[in-house]
Amino acid sequence: NSKLNISKIETYLHSIIDNVVSNNTYVGTPPETIKEDWQDMCVIDLGSDIVDFNAYGKGVVLVWLYARPLATGAKNVAKMSELETKLNEVIDTARNSTYRISRRATYTDYDSERKWHCNIVELNLTIV
């Protein structure tokens with residue numbers, strides 16, 4: 001049961017994503033203040049339940065990849081592509097005896113509060 005501990009899962013995901021995908025990586029919610037020199041940030045969100053199937057657990061993790069828009073306000077697709085590529089590399093190389101992650105889906109969005117574009121990557125999480 002301790003392997004299903006959400007804080008342990010968040011700590012693991014933060015450890016493999018932070019300073020690899022983005023130097024500005026947060027768990028749960030984005031920061032209140034975004035520094036002017038930031039061009040990207042990442043938020044790890046265990047928005048769904050972690051389900052216990054006795055022999056293993058499963059859940060879905062949302063990884064929000066944020067990119068500051070270009071000066072024109074257009075989506076910075078080059079930065080977003082860089083973030084997604086780095087996340088794909090993390091997923092492909094992640095090796096852990098407890099947690100298995102795989103990419104499930106990706107959605108695009110716009111955070112009107114922060115005025116940043118984001119891609120939301122859904123990851124399948126299996127806990128053994």
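I began with the secondary structure of this predicted model, and I counted two helices and six strands in the chain. Reading along the sequence, I noted the order as α-β-β-β-β-α-β-β.

**Overall dimensions.** I then looked up the radius of gyration, which comes to 15 Å, close to the 14 Å that the globule rule gives for 128 residues, and I therefore recorded the chain as being as compact as a globular protein of that length. For the extents, I took the C-alpha trace along its principal axes and found a span of about 50 × 25 × 25 Å.

**Burial, contacts and surface.** I checked how much of the chain is covered and found that 44% of its 128 residues count as buried, where buried stands for a relative accessible area under 20%. I also went through the contacts between residues at least 6 apart in sequence, and of these 57% join residues at least 24 apart. The chain exposes about 7,100 Å², as I noted next, and carbon and sulfur atoms supply 48% of that area.

**Strand β2 and its partners.** I turned to strand β2, residues 40-45, and asked myself how many of its six residues are buried. Five of them are, so I wrote the strand down as largely enclosed by the rest of the structure. On the pairing of β2, I found that strand β1 (residues 25-27) runs parallel to it and is joined to it by three bridges, whereas strand β4 (residues 57-67) runs antiparallel to β2, with six bridges between them. I followed Cys 42 of β2 through both pairings: Thr 25 stands opposite Cys 42, and in β4 the bridge partner of Cys 42 is Leu 65.

**The β5-β6 hairpin.** I next looked at strand β5, residues 99-111, and strand β6, residues 116-127, which pair in the antiparallel sense over 12 bridges. Which residue in the turn between β5 and β6 has a positive phi? I found it to be Lys 115, with a phi of about 65°, and I recorded that the two strands form a hairpin with four residues between them.

Terms used
Residues are numbered from 1 along each chain as its sequence is written. This is a predicted model: local features need pLDDT of at least 70, side-chain atom pairs count only at pLDDT 80 or more; totals for chains, interfaces and linings use all residues. Side-chain values use heavy atoms; hydrogens and water are left out. Two strands pair if DSSP finds at least two bridges between them. The radius of gyration is taken over C-alpha atoms; the globule rule is 2.2 Å times the number of residues to the power 0.38. Buried means under 20% relative accessible area, exposed over 50%, partly exposed in between (1.4 Å probe, protein chains only). Contact means heavy atoms within 4.5 Å. Accessible areas come from the Shrake-Rupley method with a 1.4 Å probe; for residues, only the protein chains shown count as cover.
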